[in-house]
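Have the sequence and the 3D view open as you read.

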Amino acid sequence: MDITAIALFVVAGLASLFMAWVIGAGSSGATPFAPAVGANAISTMRAAFVVGIFGFAGAVTQGSNVSEAVGSGLVGGISLPATGVIVVLLIGAGLMAIGISTGYPIATAFTVTGSVVGVGLALGGTPVWSKYAQIGAVWVLTPFVGGGIAYAIASVLPRQDVPERYSVPVLAGLVGAVLTNVRFASLGPDGTAGSLSGLARRTLGVDGLAIPFVVTLLVAVGIAVAVSLDIRRDKYGGLRRVLLSLGALVAFSAGGSQVGLAVGPLLPLLDTVGMIHPLAVLAGGGLGILVGSWTGAPRMIKSLAQDYSSLGPRRSISALVPSFLIAQLAVLLGVPVSFNEIVVSAIIGSGAAVGGGSAVGSRKIVVTVGAWAGSLVLALALGYASVVALPIG
């Protein structure tokens, strides 16, 4: 085996770990629990600890779809060499580190996608327009869909004619129904990815949709009843527990989506070095996210929780429900998506529903959106220019 290839893979692996750390310190580590911190439901340091654990679990069990899309689905006709992977990861991590140091949430998906496309096209690859259209649609629709759903939920929760002992359990049941049908590693036939409802169908040996439907309904009703009883017994405590559970699920989804941005460029190199299973790469990326969440996320958590909206438990729940739904859709589609974009737009929507324009920091929102768009363009340009200027290939 070529020692040079191994050395380059090791360097690329270290760059991937750095990228995973930056993701954990930034978007993946900060956004899932920012609404809960803003609602004073959990301390900043405890939130960083919990989000790291769930982010690692999500990376290992749900990270393959997005990893494959980033690794081989963005540019056709070529496979990025090790030097190209290193450039991609350093550009993405560098721009993310700038965002963390300045307190603005640069979108990880934008920087990594831009740098992969820039490097790939400069190396002679062809654009994959269908994938770009899918990614662009998700990116453009996310603020409107996420913010709109959050606005609608936040508009209903405070109403006297919709008691929280009914409205919040319904939302919790909906989340449980979705969770029953999302795909996890090793739950499918022969160790492939599969859902809990599908596992129940195979275990019972019954074909058709009847068993998955019944299982989904039972889970949704069971969760709704449990949450309803909890809120009746202790209203504030019940809302807090729902909020923290949603934060954990969003953190789990963040790990499943964001790990692909760190380790996806590495996957095409595995054939070169051999003897490394993709699951080991996902676990390494998840570990990097976990360490980043523990060591670097608190500053960004404070920035999101305090600067974007005046949050309470109800508005925080309103923000996290659409965040979870959109995140799981992105994981299913294998689309690299920004958790900053998802959660920030949901926070804005929920805050605007109750507090109007005064509840939203408009100046920082404008600056953040500009940073998102600018980071995509800059990453693409830097990736392309790096290949032109350096002997990559």
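Ser386 sits in helix α17 (residues 362–389); helices here are DSSP runs of H or I with at least four residues, numbered from the N terminus. This is a predicted model, where local features need pLDDT of at least 70 and side-chain atom pairs count only at 80 or more, while totals for chains, interfaces and linings use all residues. Residues are numbered from 1 along each chain as its sequence is written, and side-chain values use heavy atoms, leaving out hydrogens and water.

**Ser386**
- Ser386 is buried, at 18% relative accessible area (buried means under 20%, with a 1.4 Å probe and protein chains only).
- Its side chain reaches the backbone oxygen of Leu382 at 2.6 Å.

**α8 with α15**
- Helix α8 (residues 129–156) packs against helix α15 (residues 313–333) at about 160°, with axes 8 Å apart; the axes are lines fitted to C-alpha atoms over the stretch in contact, and angles run from 0 to 180 degrees between N-to-C directions.
- So α8 and α15 are roughly antiparallel (an angle over 145 degrees).
- Val138 and Ile149 are among the α8 residues that meet α15, whose partners include Ala319 and Leu333 (contact means heavy atoms within 4.5 Å).

**α9 with α11**
- Helix α9 (residues 164–181) and helix α11 (residues 210–233) pack at about 145°, their axes 7 Å apart.
- Among the residues making this contact are Tyr166 and Gly173 of α9, plus Val219 and Ile223 of α11.

Terms used
Helix = DSSP H or I, 4+ residues; strand = E, 2+ residues; numbered from the N terminus. Parallel < 35°, antiparallel > 145°, perpendicular 65-115°, else oblique. Buried < 20%, exposed > 50% of the residue type's maximum accessible area, 1.4 Å probe, protein only. Polar contact = N/O pair within 3.5 Å; in protein donor to acceptor, adjacent residues only side chain to side chain.
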